[in-house]
Amino acid sequence: MLRLLASAAVAAHSELALNTIIKTTSRSCFPPLLVGFPARSMCSAAPGAKERRMQIGSHSVHFVEAGHGDRGVILLPGALGTAWTDFKPQIEGLPALLPHHRVIAWDPPGYGKSRPPEKEFTVDFFERDAAAASELMQKLGIQRYSIVGWSDGGITGLVMAANKPDQVDKLIVWGSNSYISDTEVKIYEDIRDVRKWSARMREPMEQVYGVDHFPKLWSAWVDGLLRIYHERKGDICSGKLKHIKAPTLVVHGAKDPMIIPDHVPYLLNNISNTDLHVFPDGKHNIHLRYAKEFNTIVAKFLLS
């Protein structure tokens, strides 16, 4: 659910678990198509993309809309992420691959341009985001839609698909987890201090939130996850997985250092009708590093 490099031990664990994942499922993994490794982008002007706002509760929610058609897909960004920082290649590339879809990418309430008010990281903030995203799609007149969620956005997508099974056609998640392990608690604490981040990872968020405010918001996010760990015994949405009816694709970067690899088989074993696609050399941001191949995988799954 994060964007940073974690310990080498976690990465090694992830590589070892890849064989276990493949053996415990009938799914196949495919070699990656290597493209450039872009840093997360602040913003862009994708041809045909429109920036809009919609009042959802107390938030004026900012979102980007691209493409046309009577089918919909919503892109859900990761922690503190926005439509443009997290999904620029998808906003630019998916409409051509999904000509009958409206592609919606949002800034979740309290993130990016969906402020004020600021985000409150209560123990139910994923449920709040899921409800807001569902309301956004309904207000846009998209009664049924598919979900593409990265990291925290994948968690939000899991909750949406479980809570609104009659609205969600298909679900794609990567870098996501339904519970917080002891190992991940240590990762969160290790990355709390953004001064230790590389400039490439830190500066896009500083441009969105400001050099002074970003560390405070990030620390609040860490506190929110630790609150879930202590008050809910780490259970984010595990109990909801059995309610997901939408065909689900779990995409996994085998070298993702930010989640323990156990989460992948856990999702596959607890969500009915799931499939798996593995990027053997992928890390956390596979949709950015392997954007062309990733977009093709998404389109193929949504159109199947």
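Q: How many bridges join strand 3 to strand 4, and do they run parallel or antiparallel?
A: Five bridges join them, and the two strands run parallel. This is a predicted model, where local features need pLDDT of at least 70, side-chain atom pairs count only at pLDDT 80 or more, and totals for chains, interfaces and linings use all residues. Residues are numbered from 1 along each chain as its sequence is written, and side-chain values use heavy atoms, with hydrogens and water left out.

Q: What counts as a strand, and what counts as pairing?
A: Strands (E, at least two residues) and helices (H or I, at least four residues) are DSSP runs, numbered from the N terminus. Two strands pair if DSSP finds at least two bridges between them.

Q: Which residue stands opposite I104 in strand 4?
A: I74 does.

Q: And how do strand 2 and strand 4 run?
A: They run antiparallel, joined by four bridges. A66 stands opposite V103 of strand 4.

Q: Is strand 4 buried or exposed?
A: Six of its six residues are buried, so strand 4 is largely enclosed by the rest of the structure. Buried means under 20% relative accessible area, exposed means over 50%, and partly exposed is in between (1.4 Å probe, protein chains only).

Q: Which way do the residues of strand 4 point?
A: H101, V103 and A105 point one way. R102, I104 and W106 point the other way. In a regular strand the side chains alternate between the two faces of the sheet.

Q: Zoom out. What is the strand order in the sheet?
A: The order is 1-2-4-3-5-6-7-8. Eight strands form this open sheet, with mixed pairing.

Q: Which strands stand at the edges?
A: Strand 1 (50-56) and strand 8 (274-279) do. Each has a single partner strand, so one side of each is left without a neighbour in the sheet.

Q: By how much are neighbouring strands turned against each other?
A: By 20° on average, direction ignored. Axes are lines fitted to C-alpha atoms, for helices over the stretch in contact, and angles run from 0 to 180 degrees between N-to-C directions.

Q: What about strand 3 and strand 5?
A: Strand 3 (residues 71-76) and strand 5 (residues 145-150) pair in the parallel sense, over five bridges. V73 has S146 of strand 5 as its bridge partner.

Q: Which strands does helix 3 touch?
A: Helix 3 (residues 125-139) touches strand 1, strand 2 (59-66), strand 3, strand 4 (101-106) and strand 5. Its direction makes about 115° with that of strand 1. Contact here means heavy atoms within 4.5 Å.

Q: Where does helix 4 lie?
A: Helix 4 (residues 152-163) lies across strand 3, strand 5 and strand 6 (168-174). It runs at about 150° to strand 5.

Q: New topic. How do helix 6 and helix 7 cross?
A: The axes of helix 6 (residues 199-209) and helix 7 come within 8 Å and cross at roughly 105°. That makes helix 6 roughly perpendicular to helix 7. Angles under 35 degrees count as roughly parallel, over 145 as roughly antiparallel, 65 to 115 as roughly perpendicular and the rest as oblique.

Q: Which residues make the contact?
A: R202, M205, E206 and Y209 come from helix 6, and H213, F214 and L217 from helix 7.

Q: What do the buried residues of helix 6 pack against?
A: Helix 2 (83-97) and helix 7. The buried set in helix 6 is M201, R202, P204, M205, E206, V208 and Y209.

Q: What follows helix 6?
A: G210, with a positive phi near 95°.

Q: Where is P215, and what is it in contact with?
A: P215 is in helix 7 (residues 213-231). Leaving aside neighbours within four places in sequence, P215 is in contact with V194 and G210. At 28% relative accessibility, P215 counts as partly exposed.

Q: How far is P215 from R192?
A: Their C-alpha atoms are separated by 8.1 Å, and the two are 23 residues apart along the chain.

Q: Last pair. At what angle do helix 2 and helix 10 cross?
A: Roughly 45°, with the axes of helix 2 and helix 10 (residues 291-303) coming within 10 Å. The two helices are therefore oblique to each other.
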